[in-house]
Structure formats: C-alpha cells, structure tokens
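The following exercises concern a single protein chain.

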Amino acid sequence: MIEKGTLNSMKTMIKLALATGLATLALPAPAQAPAPQRTPSELAARQLYSDIIGIRTARGHKQMGVMTGYLKDQLLKAGFAESDITITDYDSEGEPTQGLVVRYAAKGKPKAGPIVFLGHMDVVEALPEDWERPPFKLVEENGYFFGRGSLDNKYGVATLAHNFIRLKKEGWAPKRDLYLVFSGDEETGMISTRAQAKMVAETIKPALVLNGDAGGVAMTEDFKPVMYQVQAGEKTFATFELTVTNPGGHSSRPRVDNAIYELAQALGKIQAYQFPVNASPLVRSYFGAMGKLTPGEMGQAMQAFAANPEDPAPRARLLADPGISTQMRTTCVATMLRGGHAENALPQSATATVNCRIMPGEGGAAATQAALAKAIGNDGVKFKLMTDVVESPESTLTPEVRAAIMASLDARYPGLPIVPELSSGGTDGMHYRALGMNTVGIGNAAMRSADIFAHGLNERIRVEDFYKGLDHWYLVMKKLAG
C-alpha cells in the first residue's frame, strides 16, 4: 500500500503531544550503559528477525518462496506438524507470491472461537545506493536496528512467529485455535490478502482478528510513552482522475473555453469544499480519550466535542488543526497534474489526480465522487475511478482484547491509556473488516515520531524497544487462549 495509516496517526498524536505540552524537548542521549545479557529466547528472536530482513521480499525479486520456506522450516523445528502449515501460491499482478497460514491447535474441545493474527511478509523496495547501510541486512548501530522491514512489517512477522515457536517449545496448549495468517503482497496488489481473508471467513470463521501491522505505543521525542493506540478502523482509499477535454487550436487564437482553465477552476472548488464532520462512536471515543491526555484549550475542545459534536466552538477549534481534522471527516486532495501537448497549441485535454481518504459509513467512492461533482458544478469535468476500492466498517475493541492489551502493557508501561483510533491509510485489516470480521490492530512496536521511517530511507527501530516488545504477543496469546 501507499502508506501506513496507523503510522501516520501515530505521528499525528505524537506531534499533538509535543504541541500541547505532553512532551518535553528532546534531551541529550545519556551515557551508554553496558549492553544487557540477552536470554536464549531473545537471541533466537533476534536471529529470526535478522534472517527474514535478509530476504529481499520486495516486488520484482521473487523471494517470497524463500521467506515462506524459511519460516516453515523454523516452525517445523519447533514442533509444528506439516499439516499445521500451509503455503499458498498467488499471481500478484503478473508476479508470483506466496502466503503462509499456521495453525496452533487447541488441546481438546476449544473453549471459544479461533483467533487469527495478521502480518505481511513483503516490503517496499529499498535501493542499497540510497541507504547509509545495506537495507537487506540487519545492522545494529547507535542503539537501533536498521533494515528494510525492521518496522514494517517484519518486526510484526518475526515477533508473531517467534512467540508461536516459543510457546510450542514450552509445551503450551492453547484452549482455542490460534492462526498466523501472513500475506505476500500487502504493499502492492493485495491479491494474497484478499484470498486469505476470504479463506479465513469461510473456513476458519474467527471470533477475533488481531492485526500485527497496526497499533502500538506512541512515544514523545524523549522516549516517554504517551498512549497505546489500537487501530479500530481505516479510511477508504480512493483515487480519481478528473479530465476536461476541448477541441483545442492554435495558441495565437485563444478560445473562450480552455481545458486547463476549466480544470483549474474545478480544482479550486475541490480545495474550497469541506466534507461534513463524521462524529461516529469511534471518532467521539477517540477525542474523549485524547482530550483527557491533552492539556489546555485543545484538550477541553476534544472533550467538549466528544460530549456534543454539534457544539460549534470546540468543533471549529478542532477543524482548524489539519492534523486533527483528518480524524473527523473525509478528505480529498489534488496530487498530480498533466495537460496540453505543445507550447503553441491550446490544450485538448487536462487531467488531475485527486486522492481521497473516505470515512467509514459514508457511501464509499460513489458518494464521494457525487459530492465532488456537485461541488464542481460542471458536467464537462469527467471522473474516472483509478483504484479498486475496499470500504470497511469500524471494528469494536472488545473487553477481552482490551484485557489482553493491558496484560502486555502492565509488563512494559503500567497504566498507559489505551486509545482506539481511525487510520487514514490502509492495511490487510480492511479486507477482513469488509467481510464482517471484527479486526483490530494491536501491534507491539513502540515509536517516537522522529524514528518512523516505514517505506523510507534507513528504516529502524530502537534496540531497547525491539526487546521490550517481544513479550507482547506471548502475553496476549496466553491471556486470550490460556
């Protein structure tokens, strides 16, 4: 996918914390203490993490078979049977890829429905000549692990697989079936994601779907944990091309109508148009929770909006902040532009790309296109939907999942508030929600805004936070299935 909405939301919340006084200025790095002695389990997790980062699972390299083969071998060595592990083949937009499904079977009759844990094994391409370090090699330096996928999403894949292996070796017997479901092309066509979601809905019929590619601990710039965010929904991603055509002619004889001018006028109206505020239960609960964490006028406005979204004063205060208002409404923005064919000719066509992030429950791309067309008021502007749109509803953070998160947080950051949020981007989770499965993102990463380089250069995660997050899935699995 183009971006990770949960990471963007994390950035927004951390920036908000900084702006409103929850954080202090970054402090000089303290003197380095001696490296702690790592347990055999921690070393095994690091080795698995290192090994899978070394497999270049970016599109174009056809390494997903190597990745699934490696993970299968590690799981077999831990005691999983061949029948517990399924590798499936897909054609993802002309390139082969694979998916991996692993069953950790309940002992005896399951006490509850299955739980599915999601992750994706593919990564965005990284060019070695652009990086300061080799991107497809785990490098430990200056207190960080560097490497493509070190956060997105090989940290999630490594720690989920590691804890399946760890629990199996310990002889733990869950009281309900657990499944790892890893996709192979989340960053591109999501062909494997769609197929796996359909399979899960039809054959596994899970009680819960927990996404390891979303959610996590948001930290201030001096590494103070602020909140644990849960991805409970995702905006719908839709891209349109808007085109105006014209007979054109010689530039020395300008026409009254002009494709570029008409398109520019249409884009100006899109810029001025504001979609209605969507005060869904998730949006209101998010601002209610954030308001308690945010001092001053902004925090008061958040709590007032949560209590009464129609109150004009707090509503206007929140809408005035671009980083906050994206949590409240659908957004559409022009991102690309092309037009004309010669400098001495009138344009025969002009086209703009407009990207929209649509709030759940608002009618998807069709309703958004209709709203934009009405705002423009010119039938000569033609719309073309460029994306395969998946609209997904909001999910519910159930009491049992909240309790499992708290069990993990109590070991790392006791008392840290849990805040469900709406992501502006997209993950595998949208396809599971779209098929009616309650899906929440409860990943184990802990990050500050300055360290979020998913899809970018020198992707990294702090070594301390890598190890602190290792027990997250262990504790969550034991709480939910023990």
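**Exercise 1.** In which loop is Glu 187 found? Determine also whether Glu 187 is buried or exposed.

Solution. The coordinates belong to a predicted model.
- Step 1: Glu 187 is placed in the loop that runs between strand S6 (178-183) and helix H5 (191-204).
- Step 2: The relative accessible area of Glu 187 is 9%. Buried means under 20%, so Glu 187 is buried.
- Step 3: Ala 58 is 129 residues away from Glu 187 along the chain, yet the C-alpha atoms of the two are separated by 8.7 Å.

**Exercise 2.** Describe the setting of Lys 168 and state which residues Lys 168 touches, not counting residues up to four places away in sequence.

Solution. 
- Step 1: Lys 168 belongs to helix H4, which comprises residues 154-170.
- Step 2: The relative accessible area of Lys 168 is 26%.
- Step 3: With residues up to four places away in sequence left out, Lys 168 touches Ala 78, Gly 79, Phe 80 and Tyr 104.
- Step 4: Phe 237 lies 69 residues from Lys 168 along the chain, and their C-alpha atoms are separated by 39 Å.

**Exercise 3.** Examine the backbone at Asn 153, Glu 93 and Phe 223. Which residue does a cis peptide bond join to Asn 153?

Solution. 
- Step 1: The cis peptide bond joins Asp 152 to Asn 153, with omega at about -5°. Asn 153 lies in the loop between strand S5 (144-146) and H4.
- Step 2: Glu 93 has a phi near 55°, a positive value in a residue other than glycine. Glu 93 occupies the loop between strand S1 (85-92) and strand S2 (95-104). Its relative accessibility is 53%, and Glu 93 therefore counts as exposed.
- Step 3: Phe 223, likewise a residue other than glycine, has a positive phi near 65°. Phe 223 is in the loop between strand S8 (216-219) and strand S9 (225-234). At 26% relative accessibility, Phe 223 counts as partly exposed.

**Exercise 4.** Characterise the protein chain as a whole. How many helices and strands does the protein chain have?

Solution. 
- Step 1: The protein chain contains 15 helices and 19 strands.
- Step 2: The radius of gyration is 24 Å, whereas the globule rule gives 23 Å for 482 residues; the two values are close, so the protein chain is as compact as a globular protein of that length.
- Step 3: The C-alpha trace spans about 80 × 55 × 50 Å along its principal axes.
- Step 4: Of the 482 residues, 54% are buried. Among contacts with a separation of 6 or more, 79% involve residues 24 or more positions apart.
- Step 5: The accessible surface comes to about 20,200 Å², and carbon and sulfur atoms contribute 54% of that surface.
- Step 6: There are 50 positive and 50 negative side chains, and the centres of these two sets lie 4 Å apart.

**Exercise 5.** Which residues does the UniProt annotation "domain: Peptidase M20 dimerisation" cover?

Solution. 
- Step 1: According to the unreviewed UniProt entry, this annotation covers residues 233-365.
- Step 2: In the model, the span 233-365 is 40% helix and 26% strand.
- Step 3: The end C-alpha atoms of residues 233-365 lie 17 Å apart.

Methods
Residues numbered from 1 in each chain as written. Predicted model: local features only at pLDDT ≥ 70, side-chain atom pairs only at ≥ 80, totals over all residues. Heavy atoms only, no water. Helix = DSSP H or I, 4+ residues; strand = E, 2+ residues; numbered from the N terminus. Rg over C-alpha atoms; globule rule 2.2 N^0.38 Å. Buried < 20%, exposed > 50% of the residue type's maximum accessible area, 1.4 Å probe, protein only. Contact = heavy atoms within 4.5 Å. Areas by Shrake-Rupley, 256 points an atom, 1.4 Å probe, with all protein chains shown as cover. Lys, Arg positive; Asp, Glu negative; His and termini not counted. Charge placed at Lys NZ, Arg CZ, Asp CG, Glu CD. UniProt positions renumbered as here; feature names shortened; annotations may be inferred.
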